[in-house]
Amino acid sequence: MAWLQEWIRAILVLVLFAGFLELLLPSGTMKRFVQVVVGLFVLATILGPLSLLTSRLQQEPKLELPAIAPGATDRILSDGKRLAAQQQARVLDEYRHNVARQVASLLELGGEGKVVAVKVEVEEGVDKPTFGELRSLTVRLEVPPEKTPRSVGELERLVADFYGLPATDVEVQIMRKGG
C-alpha cells in the first residue's frame, strides 16, 4: 500500500509543480510548450506503475494445473454415474411405494376392503420425456365374504380417474377373504 501513497504523492507534486510553472511563465508559445511537456510528465508518472505491473506479470512463472491420472478421472466419472443410477432407482422405488400407499388409502377409506398388494409400473427410461409417469396399476383387494364390493370395472375407473390413466391400464383383482 505504501507504493500507492508514493505514486499519488508523485502525481500531486508534479501537478503542483506544473501549476507553479504556469504562473511563472508569460503567455505565448513558450507557455503552450511547457504545458505539453508537463502533461507528458504527468502521463508518464501515471502510467509508470502500470508498466511495472505488466513487466512483473510477464516475469512471474506460469502456474500449471496439477496433472491428474487418467485412470482416476475415469474412475471418478464411473462412480458418479453409478451413484446417479442408484439414486434414480431409489427415487423410483420411493415413488412406487408412495403411489401404492395412496391407492391402498383410496380404496380402504372408501370401504372397498383391504388392499393386499399394489403393483405400480412407471416409465423408467431416463432419456424419455415420459420418465416417471405411471404406466399401469394392478391392485389385489381382499373383501370379507359378507360384503358386496363395487364391480371390478367401477373400481378400475375410480383408480384410473384418480391418477389420470386410461381404465385399460388399471387392473383390480377382488379376492374373498378366507376363500
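Tyrosine 163 counts as buried at 17% relative accessibility, where buried means under 20% relative accessible area, exposed over 50% and partly exposed in between (1.4 Å probe, protein chains only). Phenylalanine 162 is partly exposed, at 45%. The two residues form an edge-to-face aromatic pair, with 5.0 Å centre to centre and 80° between the planes. Rings of Phe, Tyr and Trp (its six-membered ring) pair if their centres lie within 6.5 Å; planes under 30 degrees apart count as stacked, over 60 as edge-to-face and the rest as tilted. One aromatic pair is found in a search of the whole structure.

The model is predicted: local features need pLDDT of at least 70 and side-chain atom pairs count only at pLDDT 80 or more, while totals for chains, interfaces and linings use all residues. Residues are numbered from 1 along each chain as its sequence is written, and side-chain values use heavy atoms, with hydrogens and water left out.

The protein chain contains four helices and three strands, in the order α-α-α-β-β-α-β from the N terminus. Helices (H or I, at least four residues) and strands (E, at least two) are DSSP runs, numbered from the N terminus. Strand β2 covers residues 134–143 and includes threonine 138. Threonine 138 is buried, at 19% relative accessible area. Beyond residues up to four places away in sequence, threonine 138 touches Ala117, Val118, Lys119, Glu171 and Gln173 (contact: heavy atoms within 4.5 Å).

Of the 179 residues in the protein chain, 21% are buried. The C-alpha trace spans about 125 × 45 × 30 Å along its principal axes.
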